[in-house]
Each structure stands twice: as structure tokens, then as C-alpha cells.
Amino acid sequence: MASVDGSGIKLSVEGLEEGVVVAPAGAVVEVGDDCSQRAQWLRAAVLGANDGLVSTASLMMGVGAVKNDAKAMVLSGFAGLVAGACSMAIGEFVSVYSQVDIEVAAQRRRERKQRAESEEGPERLPSPLQAAAASAMAFAVGALVPLLAAGFIGSYRVRLGVVAAAASAALVAFGCVGALLGKAPVARSCARVVAGGWAAMAVTFGLMKLVGAKAL
């Protein structure tokens, strides 16, 4: 099934579904499987690092809101690192495996339909294990930022400030990486990521301060 737009460019619906775009003058451009594979684990890595940073920093800020003890703050951050990395790995594994099941079924339908016309091998599918490992490792890397920032500081107020500053710097870096990978405006992406991280830390700190004050 095909259609022609006003510029005379032929768009093939079947081609788009199969990773092929028919360009002007009959040029055919294939969307490489390697790019798809790379985008899959890079997406998991960037999201995992950002989640690890924001959730762990927010958790540590929340604990710091009700307790001045540096040990409690660091231990809570480490527990968040381990729990979050495991959660991200399992979630990514299940998500990608579901995607693989869908793509395998679609691929089999295409192979049955085009077996007589094509001699190409089967398409490469996303790897659930690769996505899970990338997500877990990236979460741990992101979570290490506030942990290392707070681990060697005794002063309560300085510790909170250093965690917030380190998290902000890392959020800028992650925002830049995500923008470059997605070919999006860097400044806008960084501002969005940093604003989201600040909001998460501020809400967690404020709520814990309120709850802690009432509990005490």
C-alpha cells in the first residue's frame, strides 16, 4: 500500500514497517538494525542513570530533612542504589522481553509473506539482558554521585548543599548526553532534566521535613 504526497515523494507503509524508506528518485534507505540495537541500550542507560541520580539524591535529601546523622543518610542512599538498580534491571528485562515477543510474532508474519521474495536473514531483535544490564549499571552510576558527594562530609548543612550541587551538575551532564543522542536542543533538554531533578528533591525534602516534624 503506497501513497504520493504533494512533493512527489513516494511513501511505502509496508516499507516503513519493515525499516525501509523509499526516498525521492527511487532511492531506498534502510534503517540499520545496528542503530536500533544501539539506541535500545543507550536509552536504557541514559534513563537508568538519570533515575538513579534523581531517586537516590531525593531519598538522601528526604532522610537528611529529618535526621542529621551522616551515616543514616549514606546508608539510605546505598539501600536506594541497590534496590533501584535491581528494580530497573527487572523492569527493563520484562519490558524488552515483551517487546521482543511482539516483534518475533510480527517478524514471523512478514517472513511467511515474503519468504519467496527475500533471501535476507532474520532481523536482529532487542536484547532484554543487554537492556537490563545497561539500565542497572547506569542506575548505580547515577546513584553513586550523591553517595560520594555526601559520604565524606560531616557538616549537616554542607552535606545537603553538596548533594544538591553534585546532583545538579550530573543532571546537566545527563541532559546533554540525552539531547545529543536524541539530536534534540541541548539547552532545552538540560533545563527540563535539571528542573525535574530539583522538583523531585525539593518535594521529597519538604514532605519529609513536614512528616518528620509532626512525628517528632
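Which residues in α4 meet which residues in α5? I am working from a predicted model. On the α4 side I list G142, V145, P146, A149 and A150. On the α5 side I list R159, V162, V163, A166, A167, A170 and F174. By class, this contact has 10 nonpolar, 1 polar and 1 charged residues.

Next I looked up the geometry of the pair. Helix α4 spans residues 128-150, and helix α5 spans residues 156-182. Their axes lie 8 Å apart, at an angle of about 150 degrees. Angles over 145 degrees count as roughly antiparallel, so I log α4 as roughly antiparallel to α5. The crossing of α4 past α5 is right-handed.

Then I turned to T56. Where is T56 found? T56 sits in helix α2, residues 33-66. Is T56 buried or exposed? I note T56 as buried, because its relative accessible area is 1%. Leaving out residues up to four places away in sequence, T56 touches D51, G77, G80, L81, F139, A143 and P146. P146 is also on my α4 list for the contact with α5.

Last, the cysteines. How many disulfides does the count come to? The count comes to 0. I checked C176: its closest cysteine sulfur is in C190, 3.1 Å away. A disulfide needs sulfur atoms within 2.5 Å, so the sulfur of C176 is too far from that of C190 for a bond. C176 is partly exposed, at 25% relative accessibility. C86 is partly exposed as well, with a relative accessible area of 44%.

Technical notes
Residues are numbered from 1 along each chain as its sequence is written. This is a predicted model: local features need pLDDT of at least 70, side-chain atom pairs count only at pLDDT 80 or more; totals for chains, interfaces and linings use all residues. Side-chain values use heavy atoms; hydrogens and water are left out. Axes are lines fitted to C-alpha atoms, for helices over the stretch in contact, and angles run from 0 to 180 degrees between N-to-C directions. Helices (H or I, at least four residues) and strands (E, at least two) are DSSP runs, numbered from the N terminus. Angles under 35 degrees count as roughly parallel, over 145 as roughly antiparallel, 65 to 115 as roughly perpendicular and the rest as oblique. A crossing is left-handed if the near helix is turned anticlockwise from the far one by less than a right angle, and right-handed if clockwise. Contact means heavy atoms within 4.5 Å. Ala, Val, Leu, Ile, Met, Phe, Trp, Tyr, Cys and Pro count as nonpolar, Asp, Glu, Lys and Arg as charged, and the others, Gly among them, as polar. Buried means under 20% relative accessible area, exposed over 50%, partly exposed in between (1.4 Å probe, protein chains only).
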